Amino acid sequence: AADVLYHQQGVVSEFPRSNFFIVTKDNKVVTPASGVLAGITRKHVLSLAARDFQAEEGVVTLEDIFQAKEAFLTSTTKRIVPIVKVDHKVIGNGNPGEVSRALLDGLLKMEREDREAQAHQSFYKL
């Protein structure tokens, strides 16, 4: 799939309907801090990332992307989608990475637990 990654003077912001993240070689999860929609999935991923990795909001440049170990996007409907190529340049080893997979597993678990808690609450309201 192809999408547009917004950037200005080499500083990256986001996709048209998704947030953008990179994973550095030392497993730091970084997402642009400004000029982005503060999405709920972005918030959850930052929270999950902080549990097992260093996570931060900051400046992400095109050069950071090309040096990254992994990259992925987040959105409510897509959850976490690994990105293996930007501008025809391979990110990391060209495959979805362990960090983005771990974060997706954590996000799915969080959603499942939330659904179960809501079902449990609904049962006792009857």
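Q: Let's begin with one side chain: does Leu-46 count as buried or exposed, and why?

A: Buried means under 20% relative accessible area, exposed over 50%, and partly exposed in between (1.4 Å probe, protein chains only). Leu-46 has 15% relative accessibility, so it counts as buried. Before we go on, this is a predicted model, so local features need pLDDT of at least 70 and side-chain atom pairs count only at pLDDT 80 or more, while totals for chains, interfaces and linings use all residues. Residues are numbered from 1 along each chain as its sequence is written, and side-chain values use heavy atoms, with hydrogens and water left out.

Q: Where is Leu-46 found, and how far is its C-alpha atom from that of Thr-31?

A: Look in helix α1, where Leu-46 is found. Leu-46 and Thr-31 are 15 residues apart along the chain, and 8.5 Å separates their C-alpha atoms.

Q: Good, now zoom out. How many helices and strands does the protein have?

A: Helices (H or I, at least four residues) and strands (E, at least two) are DSSP runs, numbered from the N terminus. Here you get three helices and nine strands, and from the N terminus on they run β-β-β-β-α-β-α-β-β-β-β-α. The C-alpha atoms fill a box of roughly 55 × 25 × 25 Å, taken along the principal axes. Of the 126 residues, 34% count as buried.

Q: How do I read the open sheet: what is the order of its strands?

A: Start from who pairs with whom: two strands pair if DSSP finds at least two bridges between them. In this open sheet of five strands, the order is β5-β4-β3-β6-β7, and the pairing is mixed. β5 and β7 stand at the edges with a single partner strand each, so one side of each has no neighbour in the sheet. Neighbouring strands are turned by 30° against each other on average, direction ignored (axes are lines fitted to C-alpha atoms, for helices over the stretch in contact, with angles from 0 to 180 degrees between N-to-C directions).

Q: Which way does β3 run against β4, parallel or antiparallel?

A: Antiparallel: two bridges join β3 (residues 19-23) to β4. Ile-22 stands opposite Val-30 in β4. The two strands form a hairpin with five residues between them, and Asn-27 in the turn has a positive phi of about 65°.

Q: And in which sense do β4 and β5 pair?

A: Parallel, over four bridges, with β5 covering residues 55-58. Val-30 stands opposite Glu-56 in β5. The chain gets from β4 to β5 through helix α1 (residues 40-52), and this β-α-β crossover is right-handed. That label applies if, with the strands pointing away from the viewer, the path from the first strand over the helix to the second runs clockwise.
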